[in-house]
Amino acid sequence: MKIGILGAGQLGRMLALAGLPMGHSFHFLDPGEGESVAGLGGFTRASFDDPDAMARFVASVDRVTFEFENVPAAAVARIASERPVAPGALALERSQDRLIEKQLFTELGIPTAPFRSIETPLDLKQAAAEIGLPAVIKTRRHGYDGKGQWVATQTGDLETAWRALGAQPLILEGFVRFRRELSIIGARDAWGGTVFYPLVENHHGDGILRLSLAPAAVEAELQAFAEGYAHRLLDTLQYEGVLALELFQVGDELFANEMAPRVHNSGHWTIEGAETSQFENHLRAVLGLPLGATASRCQSAMVNLIGSLPVDTDLLACPGAHLHLYAKQPRPGRKVGHVTITAESDPELRRRLGNLMRYLPANLLPHLPAPLVRQVAPGEILPVPGAREC
Ligand code: AMP
């Protein structure tokens, strides 16, 4: 089967790397250079709004999916009359606008931070008075990795936030004092069958995901709640493919922050750490194939490589280390790769993570949570004798 992918970043790269062994081929369309997918299939450099390029792209493939959530929903809806496309335009429409997304969560009984729609500076003042400060003010569209956000701590910040965010429709959310951030990744097939990966614990720095730990140490009840929320979304959106739901844990409760209608950075650990990777399961769903098992095979930690190359490839000497580079030119804040560390137990994973720190670019370290990734003393870093790799 020839699969067309809208978007040609690292997610497209990892989708192709999962699909090639199953005998599939790929064609990508993206307005950028497509450096991450070079050698993995055909590539068309074009805007998602270019109807002629889109028509040629669609005619050249059997099925279409996307790896970028800001592909215009209208373009995906048009493709649906020519070729099967999954997930569909509905999931894009609902997730591209933070206000519509939060309204969907509320309709489905999925808890969120309190929020208000903002059209004017006066709305902002009223919403801040109702919900209280601090509050997080976000653009409704095109925000990612913490961009398009402003945390207001006092009334005087509101005017500044309104101007800084471009005097456009916004959403104001109550500031959630979370214990930790989690995410759940689920997949739904064409017949409504679903599978869910274990919850993942995520650590951000400057609004960008830095570290994921999987499976997160959580009670079975929390996993069941998260699966229930994701299930409601998958069914309501008549979804086919992988969907990620980002959550805040407060006490024993979960609050939804946002969803991503695609494979997700917090699921990269599944390549080595789960029975079936999120990339393979996404393709299986899109292709109408049975979904694969989602159980974890070990404890995993995924560290994002952000902004700098070269990476010290001696890190591969660390037990359980797996390096993924995306063939991207480094720029500040740009994800250029990731390392997944696997281990049989949580204490061993933490020891291995501490060991890895000495090989990572220095600029990454301040963004990683100190107790988890402190550089352990020499002698302490030696792999546990007899520990099994997975
Ligand atoms: P987002 O772009 O919505 O994923 O937000 C990026 C990061 O900002 C999240 O992972 C949180 O760390 C933080 N954040 C977003 N919304 C809130 C909120 N309402 N309360 C507290 N922190 C937030």
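This is a predicted model: local features need pLDDT of at least 70, side-chain atom pairs count only at pLDDT 80 or more; totals for chains, interfaces and linings use all residues.
Strand S12 covers residues 208-214, and seven of its seven residues are buried, so the strand is largely enclosed by the rest of the structure. Strand S11 (residues 200-205) runs antiparallel to S12, and five bridges join the two. One of the pairings can be found by looking at Gly205, whose bridge partner in S12 is Ile208. S12 also pairs with strand S15 (residues 299-306), again in the antiparallel sense, over four bridges. Here Leu213 has Ala301 in S15 as its bridge partner.

S11 and S12 form a hairpin with two residues between the strands. Asp206 lies in that loop. Its phi is near 55°, a positive value in a residue other than glycine. Asp206 counts as exposed because its relative accessible area is 62%, and the cut-off for exposed is over 50%.

The peptide bond between Ala214 and Pro215 is cis, with omega about -10°. Another cis bond runs from Leu133 to Pro134, with omega near 0°. Pro134 is in the loop between helix H6 (121-131) and strand S6 (135-139).

Ala167 also has a positive phi, about 45°, although it is not a glycine. This residue sits in the loop between helix H7 (156-164) and strand S8 (170-174). Ala167 counts as partly exposed, at 48% relative accessibility.

Asp252 is in the loop between strand S13 (241-250) and strand S14 (253-260). At 62% relative accessibility, Asp252 counts as exposed.

How values were computed:
Residues are numbered from 1 along each chain as its sequence is written. Side-chain values use heavy atoms; hydrogens and water are left out. Buried means under 20% relative accessible area, exposed over 50%, partly exposed in between (1.4 Å probe, protein chains only). Two strands pair if DSSP finds at least two bridges between them.
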